[in-house]
Amino acid sequence: MRSPTPGVSAPREDARRLALLESQLGVLFEVSSVLSRSLDLRQTLSAVLSVLDEQGRLRHGMVSLLDDERGELLIGALHDSAAAPFETVSYRPGEGVIGQILASNAPWILPRVGDEPRFLDRLSLYDPELPFIGVPIRLGEAGAVGVLAAQPLDGDALLEQRAHFLEMVANLIGQAVRLARRVEAEQRALREERDTLRREVRGAHGFDSVIGRADTMRLVFEQVRQVAKWNTTVLIRGESGTGKELIANAIHYNSPRARGAFVRLNCAALPDNLLESELFGHEKGAFTGAASQRKGRFEQADGGTLFLDEIGEISPAFQAKLLRVLQEGEFERVGGTRTLKVDVRVIAATNRDLESEVRAGEFREDLYYRLNVMPIRMPPLRERLEDVPELARFLVDKIARVQGRTLSISDSALRVLMRHDWPGNVRELENCLERAAVMSVDGRIDCEVVESTGLDVSAMANEPPRPLARPTAAKVDLNDPKLDERERVIAALEEAGWVQAKAARLLNMTPRQIAYRIQTLNIRVRQF
């Protein structure tokens, strides 16, 4: 039997209970709607407390959540604009009424706040003449992880019913907290994985991943270091197989756009109509087979870098369309009328003599000057044969990983490789070594195995054998403020011939300090 409220008849009390129940059902429905709208926990909790205040007659709503690192209750949301800043307010488990609710994992009902000496009104918020209700926020069997508290507007006798209602709201909040924490954990894991992958990609495409000790390659490295800092359009010139795409990767991943996309397109692989669709995208129904809208490479590279390989192969008709987007950053999708703007850095590459084609009228002069802002010439392998031994060792290791076995190459084989002029450049060298690896039974590539691949060394047969000694590295100003720490360490290592102790002296470091930086900056140490 329920005891009637003093001074209130039983029928009247039942009517009040029924009215409160109907009101709470409406509030509960609105709370559940609010909790399903957003994954922003603080914003969601603030909206819930607003509903409790406006529709449930529960003022000064407060949600406190347990911080696992600090082991304290921190206020996560508060519905009162006049309250003091709550970000610095906290409660230890068992401290005050709020801490007691968390420790006991049970609701507390105070008929009058002023009568409870353990109540700590650290926000100077609550009316001492009114009741106070606090309930735990639970995560299933994990126990209480927070507290939901509010102050009813009137001191009636229906406090138990209001406390039961707040417990239902707290259960809903508990599910929202569980979901928010799960999403936060997944997002944290994704961010860590993203950052790890970015470090790996940057390390794989950094300056130290491009092999070259010849003077011509040192010039390329210096140009790449300078141009990577700016959004300048770059034109990479060189024969096929010299590593133009590798240089484009190094520019992008060492630039301020490294967090953006690096999008590639071989312009020689597509006719004009498909090339336009690939670069600019198309609208649904723009042509036969366009079943849906598609973003082009320029849109995909927005905020990043677009690498256009074999730029000299595009037709004069398409050159005019490309010129507009390079100059204005604007284009329309195929079949569309809306002008789109993008922020893209363009790196182009070609193995053709564009100057001769400009004079012959086969390549637009204005497009040539738009692309040729910062030209970088990749030297052919025959001009840097001193790099062949290091390239060969690197490629042999790469082939060994692919074939899943141990491979090695002898000095005599390296001398044979240095007697070839390599018209196919690094790509031809890699193919030659892969053939040699296939023909090597024991995994050792010697001069006989290399010669058995059919390598033609007659063009340089009369030249004396080239020494395998490592060439001297170029000197770089180690105090240049434009160099970041990673570039400065790599430059010192190059100048010191990758002898760490000598590089440490150049940087006024101890060998242990430079070894630590090599490890933390993900620098691949080269062995000779």
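Me: What does serine 255 touch, leaving out residues up to four places away in sequence?
Reply: Ala228 and Arg345. Touching here is contact, meaning heavy atoms within 4.5 Å. Keep in mind that this is a predicted model, where local features need pLDDT of at least 70, side-chain atom pairs count only at pLDDT 80 or more, and totals for chains, interfaces and linings use all residues. Residues are numbered from 1 along each chain as its sequence is written, and side-chain values use heavy atoms, with hydrogens and water left out.

Me: Where does serine 255 lie, and why is serine 255 called buried?
Reply: Serine 255 is in the loop that links helix 6 to strand 8 (262–266). Its relative accessible area is 8%, and buried means under 20% (over 50% is exposed, in between is partly exposed; 1.4 Å probe, protein chains only). So 8% puts serine 255 in the buried class.

Me: What makes helix 16 oblique to helix 18?
Reply: Helix 16 (residues 485–495) and helix 18 (residues 511–520) pack at about 120°, axes 11 Å apart. That angle makes helix 16 oblique to helix 18, since oblique is what remains after roughly parallel (under 35 degrees), roughly perpendicular (65 to 115) and roughly antiparallel (over 145). The axes are lines fitted to C-alpha atoms over the stretch in contact, and angles run from 0 to 180 degrees between N-to-C directions.

Me: Which hand does the crossing of helix 16 and helix 18 have, and which residues meet there?
Reply: The crossing is left-handed, the term for a near helix turned anticlockwise from the far one by less than a right angle; clockwise is right-handed. Glu485, Val489 and Leu493 in helix 16 meet Ile514, Arg517 and Ile518 in helix 18. Four of these contact residues are nonpolar, none polar and two charged. Nonpolar covers Ala, Val, Leu, Ile, Met, Phe, Trp, Tyr, Cys and Pro; charged covers Asp, Glu, Lys and Arg; the others, Gly among them, are polar.

Me: Why are helix 12 and helix 14 called oblique?
Reply: Helix 12 (residues 388–403) and helix 14 (residues 425–439) pack at about 50°, with axes 10 Å apart. They are therefore oblique to each other. Their crossing is right-handed. Among the residues making this contact are Leu391, Leu395 and Ile399 of helix 12 and Leu429, Leu433 and Val438 of helix 14. The contact divides into 10 nonpolar, one polar and three charged residues.

Me: What is the make-up of the contact of helix 5 with helix 6?
Reply: First the geometry: helix 5 (residues 215–227) and helix 6 (residues 244–253) pack at about 35°, with axes 8 Å apart. Their crossing is right-handed. Val220, Val224 and Val227 of helix 5 contact Ile247, Ala250 and Ile251 of helix 6. That comes to six nonpolar residues, no polar and no charged.

Me: What covers the buried residues of helix 3?
Reply: The cover includes strand 1 (58–67), strand 2 (72–78) and strand 5 (132–138). The buried residues of helix 3 (residues 96–104) are Gly96, Val97, Ile98, Gly99, Ile101 and Leu102. Asparagine 105 follows helix 3, with a positive phi near 55°.

Conventions. Helices (H or I, at least four residues) and strands (E, at least two) are DSSP runs, numbered from the N terminus.
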